[in-house]
Amino acid sequence: MMEWESLEETSAKFIRLQPDNPLAKLFRSFLAIAHQNTEEATSLLLQAVADSNGSPHQMAILVVMNLMEALTRQGNYLSALLIADSLVGINEDLDQVTGEAMDRLNRENGVSVLSRELIPSANDPGDSPYAERLAEAESLIESHRITGAKTKLEAMLREFGQQAPILQSIVRCQLLLTDTESAAITCRKLAALPSLPEPQRIYYLALSYELSPKSGGVTVRSDIFVYTIEDPEFENRLNAIESLEKLPVDRLKNLLAAFVDPDVPPKSAFLCSKPYLREQFPETETVRYGNWIAYYGKQTDKPARLVALEPSVGQRKEMIDEVLKELGVGNSSRELVFSINEGIPDLTRIAAQPRKPVATERAQSFQQTVRQIGIDEAINTPVEALDNRSMLEVAGQQEYRLRLQAILLLMHSQNAMEFDHSTFESLRQRMQVSEPKLSPQTDVFDTVGGAAYFWTDLTSIDPNSLIQLMQSAMLRDVYSVYQPLIAKADSMEWPEELKESMTMTLLVMRSEEHTLNSSHEWISRMPSS
């Protein structure tokens, strides 16, 4: 009935009178989702499941459906995947809901493959003095008593120090409780452990960047500034600048309502632009776009204002700086209203538009040129994770090797179709680092999660494992590994019992690859807000 106030009062009374009642926890979990508190919602949901002795109330289905939607809306895909996976096998109704959720998460377009594969299990502690207690904590996790498991694991950490199996189990708890920032910190602790094999250290460092790119130091900041405009001729000057192109106000209205003025939309909006690739492709009359600016006219109680998105580095900074200089706002008062952080993979995507069609025979060369410029800009951008130096600046330096490999894995895992496997082979050569190669005879996915798509050694792979890897790559749309997988399948001798399966798998993969290649005509990308 959507009567939230009544639900708040009734559910609060319910859980106060019966604090261990699973249904009371489910109602409070549902309310927490409505309040966008996914951490509390998840904790209450898992407590309710644990307290229900394998028969949760039907209300659990509604809570799970809404929680999955809330987490994906927040971009918290890995937590959603782990929660859905933890609820598999409880009953048929929940299995259907979690199964559908996992299918959607596996194919979520534009999401890093590191967030669409389960994280590794804790390493075998062997006969270490904490092995028995670790097994008890793992048992609590399996029975959905995540808070209790996390408390036990943290006590073990204080007693036994930074042990990889303990930290790995803590990461799982933190992600199940949707605490991604803490999980990122724990991943960085794992990456610093010399006792872990290097591929795992690279994986955990990349995962920390994926979970919290800002605190991991792999983002570039752009600021939204508001300038107070006193000049009565400012608007005329604004409309006369050739390097500004009109942008529909509706494209920015909602964004600016949140940070500048909720009641009044901007009077006009523009994109910074400049001629692009005129020497290499003069016939296309291509334009590159930078950032937007928006103008608010003078109001009864407010002066005229200019709002500008200003990057801290790179070509787009140069473009906006030129515009602001031409507008003469250097002496105007300005206020910082918001900051946006873009990840390194985002920097590779150049926003450009050819004004005239690119000739068919030149299309591939045009695309490759634009992509290469994007890559060059990304690897030349200083980032905090590399001590405010660029990837190219620290290439080949031993102290940065692990960080470079983690950033390359992050870039590889986030590129659905822009770059192929050979692009990253070339990048690794430029960075002077090697790619880990893991034996397919081991459980690669339970060692390095989604990195297994890139690091499985195909030279020693058996036919069964190859088919499974190909089918999994297609399920998750990991297009960048299609070429080496197809090449390996073509060169392999196939046993009779697998030939039909391989023929169908190859047919589908080749068809998808052909569709991708044929659809890679240049599509202009407008800069993201």
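Helices, taken as H or I runs of at least four residues, are DSSP runs numbered from the N terminus. With that convention I placed Val508 in helix α25, residues 496–518. The model I am reading is predicted.

**Entry 1. Confidence**

I looked up pLDDT before anything else. The protein chain has a mean of 91, and 96% of its residues reach 70 or more.

**Entry 2. A patch on the surface**

Val508 forms a nonpolar surface patch with Met504 and Leu507. I recorded about 280 Å² of accessible area for the three together.

**Entry 3. Cys272**

Is Cys272 buried or exposed? I found 1% relative accessibility, so Cys272 counts as buried. Cys272 belongs to strand β3, residues 268–275. Leaving aside residues up to four places away in sequence, I listed what Cys272 touches; among them are Ser243, Leu244, Arg288, Tyr289, Met319, Ile320 and Val323. I also checked Ile293, which is 21 residues from Cys272 along the chain; their C-alpha atoms are separated by 7.8 Å.

**Entry 4. Salt bridges**

My search of the whole structure returned 30 salt bridges. I examined several of them.

Glu69 pairs with Arg73, with 3.3 Å between the closest N and O atoms. The two are 4 residues apart in helix α4 (residues 59–73), which means a separation of about one helical turn. I noted Glu69 as partly exposed at 47% relative accessibility, and Arg73 as exposed at 60%.

Glu154 and Lys150 form a salt bridge at 3.1 Å, N to O. Both lie in helix α8 (residues 146–160), 4 residues apart, about one turn of the helix. At 27% relative accessibility, Glu154 counts as partly exposed.

Which parts of the chain does the pair Glu198 and Arg401 tie together? Their side chains meet in a salt bridge at 2.8 Å, N to O. Glu198 lies in helix α11 (residues 198–211) and Arg401 in helix α19 (residues 401–414), so the pair ties together parts that are 203 residues apart in sequence. I noted both as partly exposed, Glu198 at 32% relative accessibility and Arg401 at 24%.

Finally, I recorded a network of salt bridges that links Lys25, Asp51 and Arg145.

Terms used: Residues numbered from 1 in each chain as written. Predicted model: local features only at pLDDT ≥ 70, side-chain atom pairs only at ≥ 80, totals over all residues. Heavy atoms only, no water. pLDDT = per-residue confidence, 0-100. Patch = residues over 30% accessible without salt bridge, like charges linked within 9 Å, V, L, I, M, F, W, Y side chains within 5 Å. Areas by Shrake-Rupley, 256 points an atom, 1.4 Å probe, with all protein chains shown as cover. Salt bridge = Lys/Arg side-chain N within 4 Å of Asp/Glu carboxyl O. Buried < 20%, exposed > 50% of the residue type's maximum accessible area, 1.4 Å probe, protein only. Contact = heavy atoms within 4.5 Å.
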